[in-house]
Each structure stands twice: as C-alpha cells, then as structure tokens.
Amino acid sequence: MSGPTAAAGAGASPGQHSLAFRVMRLSRPSMHADEAVLRLNPTDLFAGEDLISDANPQVPSNLLDLASSDPSFAEGGEFDFRKRLFIDNPTDAMGLQGFLLLPQSFGAIYLGETFCSYISINNSSSYEARDVIIKAEIQTEKQRILLLDTSKSPVESIRAGGRYDFIVEHDVKELGAHTLVCTALYNDGDSTERKYLPQFFKFVVANPISVRTKVRNFKDNTFLEACIENHTKSNLYMDQVEFEPAPQWTATRLEADEHASFKNSKTRDLLKQPVFIRANGGICNYLYLLRLHEPGETKDDAGTVLGKFQITWRTNLGEPGRLQTRNIHNNLPPKKDIDLQVVTVPSKVILEQPFSVHLRLTNQTERTVGPFEVYIISGISSDDRSVMLNGLQKLVLPLVEGSDSINFDLNMVATQVGVQRISGITVHAVQEKKVYDPLQDIEIFVDAE
C-alpha cells in the first residue's frame with residue numbers, strides 16, 4: 001500500500017549526461033475524506049424550497065421520477081426536508097468514501113521512522129549506458145551511511161530510453177539536515193572516458209515527540225514523571241513506553257486502579273490497547289516509582305543515572321516508529337558536611353512547662369568535625385515567639401568523628417496554646433566558622449493542661 005511521491009532534489013544538468021536520477025519516497029497513503037460534509041440534493045438544482053412548500057404544493061412532473069428515489073420524498077408524494085437529516089450509511093457521517101489517497105509531496109520525515117525511497121536512474125539519451133556503477137548514501141552532520149554500492153557487480157547496460165530501479169531504506173536516527181547522495185559512473189556512446197554523475201536530494205528530519213521529565217526525591221523513594229507530547233500532524237498510537245532503569249534501580253509504573261473484570265482477565269496482555277496521543281500537541285503522562293536494589297545503599301552511592309525510555313508507536317495506517325531517550329539523571333542536592341534531624345518530639349506539650357526535643361547530628365564526611373553550637377537564630381522577637389529555649393541559649397556539642405553521629409536534647413518551653421512551630425534551630429561549626437541552614441520547622445500541639 002505504498003505510493004511514490006516526488007522528492008525535492010538537485011543535481012547535474014541533464015544536458016551533460018545521458019543518465020539522470022529520479023527519487024520518489026515510498027510512504028503510506030491516507031484515507032480520502034470528502035470535503036463537502038453536507039451533500040447537495042439533485043432536486044435542489046431544479047426546484048427550490050419555495051416551489052415545493054405549502055403555498056405551492058404542485059411539484060413539476062419531470063421532477064417526480066428524480067425525486068422518487070430520494071429518501072426525503074415521502075410516501076404521500078410530498079417533500080419532507082426533515083428527512084434530509086437521516087444518514088443512509090453510518091460511514092457517511094465520517095465523510096470517508098473508502099478510497100486511499102497517495103501523498104503528492106515529499107512529506108515530513110521524523111526521527112525514529114524508516115526512510116524508504118524508490119530510486120530510478122533513467123537513460124534519456126539515444127546512446128546505451130554501459131558498466132554503470134551506482135552508489136546511494138545518506139549524509140548527515142555526523143556520519144555518512146552507504147545504502148547501495150554496485151561496484152562489485154555493475155549494471156551491464158541501460159538501453160536508450162530505459163531505466164534501472166532500486167529501493168533503499170534507512171532508519172532515521174539523527175535530527176536536522178540530511179542529504180541523499182546518488183552517483184553513477186558509466187560509459188556511453190563511442191567514448192572510452194568514464195562519466196561521473198552526482199545528484200543530491202536534501203530533506204530535514206524533525207522530532208516527532210518530546211519527552212519532558214521531572215525527578216523528585218522523597219526519603220528512600222524517587223519518583224520520575226514523564227510527559228510525552230506529539231509534535232506530528234497525525235495521531236500516534238503508543239505500543240510501548242518502557243522505562244529501563246540503571247542496574248542499581250528498580251522501576252514500577254504507578255497507574256490508576258483497573259476494573260476487576262479487566263484486571264483478572266487472562267487476555268489482558270494480549271488485548272492491551274495502545275495509548276492514543278492526539279496530533280498537534282496531544283500529551284500523555286507517566287509516573288514511575290524508583291527504588292534502590294540494596295536497602296543499605298544510598299542514592300549518592302548509586303550515582304546520578306536513573307535509566308532511559310524505550311518508546312515505540314504507530315501512525316493511523318500502522319507505520320512504525322521507535323525512539324530511545326538519553327540517560328535521565330537524578331539531580332540530587334549537594335551533599336552536606338553534617339545532617340541535623342529530629343528524632344522524637346512530644347505528642348502533647350503543656351503550656352509554660354518545660355519539654356525536650358530529641359535531635360541527632362550526623363557527620364557525613366570522613367574527617368572529624370566540630371565542635372558545634374546549637375541555637376535558635378534571632379529573626380523573631382522574644383515577645384512574638386511562641387516556643388523558646390529554656391535555660392542556656394546556646395548548646396555546645398563536642399567533636400564528631402567521620403561518619404559518626406551524636407544525639408542531644410534541646411530544652412524548650414511554649415508560651416501559647418494550639419498548634420505552634422519550632423523554627424530557626426541552627427548549627428554553627430566553631431572551627432570552620434560556618435553556619436549551616438536552619439532545620440525545617442517542627443510543629444507541636446500545646447495544651448493548657
């Protein structure tokens with residue numbers, strides 16, 4: 001069901017050579033749609049609405065035979081315009097006549113498709129072309145791919161007015177400008193000098209889809225969100241959208257719950273419907289949960305590479321396409337020298353009675369760090385602060401060995417009831433003279449009794 005379409009190309013002047021290349025792209029046809037959705041009734045050409053209305057009930061006799069075959073002509077011999085709304089065939093509503101339409105232009109070429117071309121070398125002279133060596137290759141900005149070479153078995157002869165045809169295929173794996181280079185080396189007439197014919201046919205490869213990703217880290221879990229957008233002018237049916245994780249990771253796709261009858265069906269995998277993405281900007285979103293293989297392994301040890309996507313699709317008439325994305329990286333925040341975390345907080349705090357917040361300071365380096373001072377930064381006046389330190393305003397911590405941690409308590413007191421926040425707990429490294437970012441706010445519930 002392939003049809004040839006003329007290619008946009010350039011080459012040598014035909015007057016200088018006996019041979020000339022013609023390149024036609026083999027591409028699938030499309031369904032021919034009728035542009036006139038509201039079809040004309042033949043009787044309207046001879047008799048208007050006024051002639052066959054109630055005021056003029058007489059219909060000319062020469063129209064009766066023509067109108068009798070029309071569904072809008074009622075059994076009683078009167079026209080009923082309401083019946084014009086009826087559709088004799090369900091396909092009439094689509095405007096499709098069942099015909100296939102061959103492309104009339106070179107068309108758009110997208111990354112991941114297979115470029116298939118029908119090439120004809122024609123002898124338009126009155127001389128026979130002998131010992132013809134034909135080469136066809138694709139040139140891109142990065143590489144040169146040979147598609148056909150008849151050097152070892154040249155075409156013995158192309159008679160005057162004759163031609164030699166062949167088909168080449170190329171899996172498009174690069175974006176941007178491409179050039180199909182067709183060359184012929186041959187003899188013609190009585191001349192013993194070999195003639196060289198080069199012709200160039202240029203086309204541009206566009207991106208059919210874009211894959212936008214977001215990576216979010218939450219404790220031991222990593223979530224990967226992918227948005228696939230269709231940039232082509234035709235609908236795409238995604239056969240496969242698979243995320244291949246790096247060796248250190250496992251990936252699970254998160255989907256909405258399916259109906260029980262379909263979830264337990266034995267033919268679920270066999271009858272799985274492709275994902276439909278509408279033309280000209282349609283999108284589809286995917287969400288994956290990533291976890292490390294080893295429970296004790298950290299995200300820093302696993303590296304930044306999470307994996308890549310394998311995507312395959314088909315167009316309206318089943319033309320395939322395939323893309324593989326680059327590696328997707330996990331943009332982890334820079335590793336801190338120390339990590340301050342909350343261990344325990346009282347479930348309920350009594351107003352104006354002392355309580356303790358249990359904290360842990362971890363040295364995430366291989367060297368000994370410290371000593372440290374722990375305090376609450378002064379950004380809020382003591383009158384406005386609802387939770388304050390009770391006693392010493394600075395707690396001094398000793399040296400901490402590499403990859404070691406130390407637990408400590410902060411004694412505090414609440415001055416207001418309700419849900420309050422402990423904010424501004426900060427660590428200061430005395431020797432390095434470095435102040436680390438404050439701890440995230442801690443919420444507590446303060447009761448009067």
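**Exercise 1. Classify threonine 222 and find its partner.**

Solution. Threonine 222 has a relative accessibility of 0% and therefore counts as buried (buried: under 20% relative accessible area; exposed: over 50%; partly exposed: in between; 1.4 Å probe, protein chains only). This residue is placed in strand β15 (residues 221-230), where strands (E, at least two residues) are DSSP runs numbered from the N terminus. Its side chain makes a polar contact with the side chain of asparagine 217, at 3.0 Å. A polar contact is a pair of N or O atoms within 3.5 Å; within protein, one must be able to donate a hydrogen and the other to accept it, and residues adjacent in sequence count only if both atoms are side-chain atoms.

The model is predicted: local features need pLDDT of at least 70, side-chain atom pairs count only at pLDDT 80 or more, and totals for chains, interfaces and linings use all residues. Residues are numbered from 1 along each chain as its sequence is written, and side-chain values use heavy atoms, leaving out hydrogens and water.

**Exercise 2. Describe the salt bridge between glutamate 113 and arginine 25.**

Solution. A salt bridge is a side-chain nitrogen of Lys or Arg within 4 Å of a carboxyl oxygen of Asp or Glu. In this pair the closest N and O atoms are 3.9 Å apart. Glutamate 113 lies in the loop between β6 (109-110) and β7 (114-123), and arginine 25 in strand β3 (residues 19-27), so the pair ties together parts that are 88 residues apart in sequence. Both glutamate 113 and arginine 25 are buried.

**Exercise 3. Describe the surroundings of lysine 394.**

Solution. Lysine 394 forms a salt bridge with glutamate 373, with the closest N and O atoms 3.6 Å apart. Glutamate 373 belongs to strand β26 (residues 372-376) and lysine 394 to the loop between β27 (387-389) and β28 (395-397); the pair therefore ties together parts 21 residues apart in sequence. With a relative accessible area of 46%, lysine 394 is partly exposed. Lysine 394 also lies over the face of tyrosine 375, at 5.3 Å from the ring centre (a charge sits over a ring if NZ of Lys or CZ of Arg is within 6 Å of the ring centre and within 35 degrees of the ring normal).

**Exercise 4. State how many salt bridges the structure has, and name a network.**

Solution. The count comes to 13 salt bridges. Asp337, Arg367 and Lys434 are linked in a network of such bridges.

Definitions and conventions:
Helix = DSSP H or I, 4+ residues; strand = E, 2+ residues; numbered from the N terminus.
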